[in-house]
Amino acid sequence: MEIYADLHMHSCLSPCGDNDMTPYNLVQMAKLLGYDMIALTDHNTCRNCKSAEKIGNEIGLTVVSGMELCTAEEIHCVCLLPNSDTAEAFSAYVRTTLPPVENQPEIFGEQRVMDCGDTILDTEPLLLTTASSISVDALVPLVKKFGGACFPAHLDRASYSLLSVFGFLYPELQFTAAEFTPQADLPPYLDAHPLLREMRIVRNSDAHYLENMLEPNEPLPLRDCSAQALIDYINGV
Ligand SMILES: [Zn+2]
Ligand SMILES: [Zn+2]
């Protein structure tokens, strides 16, 4: 099946995510734009995924629970989990690996946990944009233990990307997919890093504002429109 998907976006739970990026608004917007599937990937947390998943179920959009994890090396990686319950368990684990730094909403932005409407259930006290103590080498096996899949985010960006931090890819990381921004010119990267030729390449919006959400572009060839089909695709199964 051809599935139109955006696998990287932030809700109002990310301090840098706009307060209008409620699960309700972003799921409705994705549906309006014509997506079949989205993944909600807040920084180092999955606490808004259950609400987004429920809204998706109601309106017929597959919402995959995810997270943009910041590794110990300050490399952003998108993690995708099979369902919101597993995502909450993964999120609780990642929380234990974050430094005990409190959010300062007036500096970094609010971190809102929302219900399926637009009601604020809680605000996350721990600053979510710090680096976890999880090493990038340990990430693929860790996420697989939770039944999920992961890929390094925005490889063509000058900060918080695997290539900006290490300068190269190596097979021991076990990544089977990689993300580029929608604007990236891919051929030079494929020439410089031949390992990429064996990997699934995805491009996502990384939207933090409703107006950053993009029209669907290249569809993913998935066997069906489920989180499991997406995870198997990213894992190269
Ligand atoms: Zn990022
Ligand atoms: Zn992001």
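Begin by selecting helix H1: its buried residues pack against S2, S3, helix H2 (49–59), S4 and strand S6 (112–114). This is a predicted model, in which local features need pLDDT of at least 70 and side-chain atom pairs count only at pLDDT 80 or more, whereas totals for chains, interfaces and linings use all residues. Residues are numbered from 1 along each chain as its sequence is written, and chains are lettered from A and ligands numbered from 1 in the order in which they are written.

**Stop 1: helix H1**

Select residues 23–33, which form H1, and display Pro 23, Tyr 24, Leu 26, Val 27 and Ala 30, the buried residues of this helix. Helices (H or I, at least four residues) and strands (E, at least two) are DSSP runs, numbered from the N terminus. A residue is called buried if 20 or more other C-beta atoms lie within 10 Å of its own, exposed if 12 or fewer, and partly exposed in between, with C-beta atoms placed from the backbone. Just after H1, select Gly 34, where phi is positive at about 100°.

**Stop 2**

Ser 51 is buried, having 25 other C-beta atoms within 10 Å. Apart from neighbours within four places in sequence, Ser 51 is in contact with Pro 23, Met 114, Asp 115 and Cys 116; contact requires C-beta atoms, placed from the backbone, to lie within 7 Å. For a distance across the model, pick the C-alpha atoms of Ser 51 and Pro 82: these residues are 31 apart along the chain, and the atoms are separated by 15 Å.

**Stop 3: the sheet**

Now colour the five strands that form an open sheet with mixed pairing, in the order S2-S3-S4-S5-S8. Two strands pair if DSSP finds at least two bridges between them. At the edges are strand S2 (5–6) and strand S8 (149–152), each of which pairs on one side only.

Within the sheet, S2 and S3 pair in the parallel sense over two bridges; select Asp 6 to find its bridge partner in S3, Ile 38. Strand S3 (residues 37–43) also runs parallel to strand S4 (residues 62–70), with seven bridges joining them. Here His 43 stands opposite Glu 68 in S4. Seven of the seven residues of S3 are buried, so this strand is largely enclosed by the rest of the structure.

**Stop 4: helix H5 against the sheet**

Select residues 136–145, helix H5, which packs on the sheet and touches strand S5 (76–81) and S8. The direction of H5 makes about 155° with that of S8; axes are lines fitted to C-alpha atoms, for helices over the stretch in contact, and angles run from 0 to 180 degrees between N-to-C directions.

Val 136, Leu 139, Val 140 and Val 143 are buried in H5. They cover an arc of only 90° around the axis, which places them on the same side of H5; the arc is that of the directions from the helix axis to the C-beta atoms. An α-helix has 3.6 residues a turn, so residues three or four places apart point the same way. The buried residues of H5 pack against S5 and S8. Just after H5, Gly 147 has a positive phi of about 80°.

**Stop 5: the nonpolar core**

Display Ile 38, Cys 77, Cys 79, Leu 80, Cys 150 and Phe 151, which touch the most other members among the 63 residues of the largest nonpolar core. Such a core is a set of buried Ala, Val, Leu, Ile, Met, Phe, Trp, Tyr and Cys residues joined through C-beta atoms within 7 Å. Then centre on Leu 80: beyond its neighbours within four places in sequence, its contacts include Leu 7, Ala 39, Val 64, Cys 150 and Ile 234.

**Stop 6: two loop residues**

Most residues other than glycine have a negative phi, and most peptide bonds are trans. Select Gln 174, a residue other than glycine with a positive phi near 70°, in the loop between helix H6 (162–165) and strand S9 (177–180). Gln 174 is partly exposed, with 14 other C-beta atoms within 10 Å. Asp 206 likewise has a positive phi, near 55°, and lies in the loop between strand S10 (200–203) and strand S11 (220–221). Asp 206 is buried, with 22 other C-beta atoms within 10 Å.

**Final view: the whole chain**

Zoom out to the chain, which has eight helices and 11 strands. Its C-alpha atoms fill a box of roughly 50 × 40 × 30 Å along the principal axes. Of its 237 residues, 44% are buried.

Definitions and conventions
Two residues are in contact if their C-beta atoms, placed from the backbone, lie within 7 Å.
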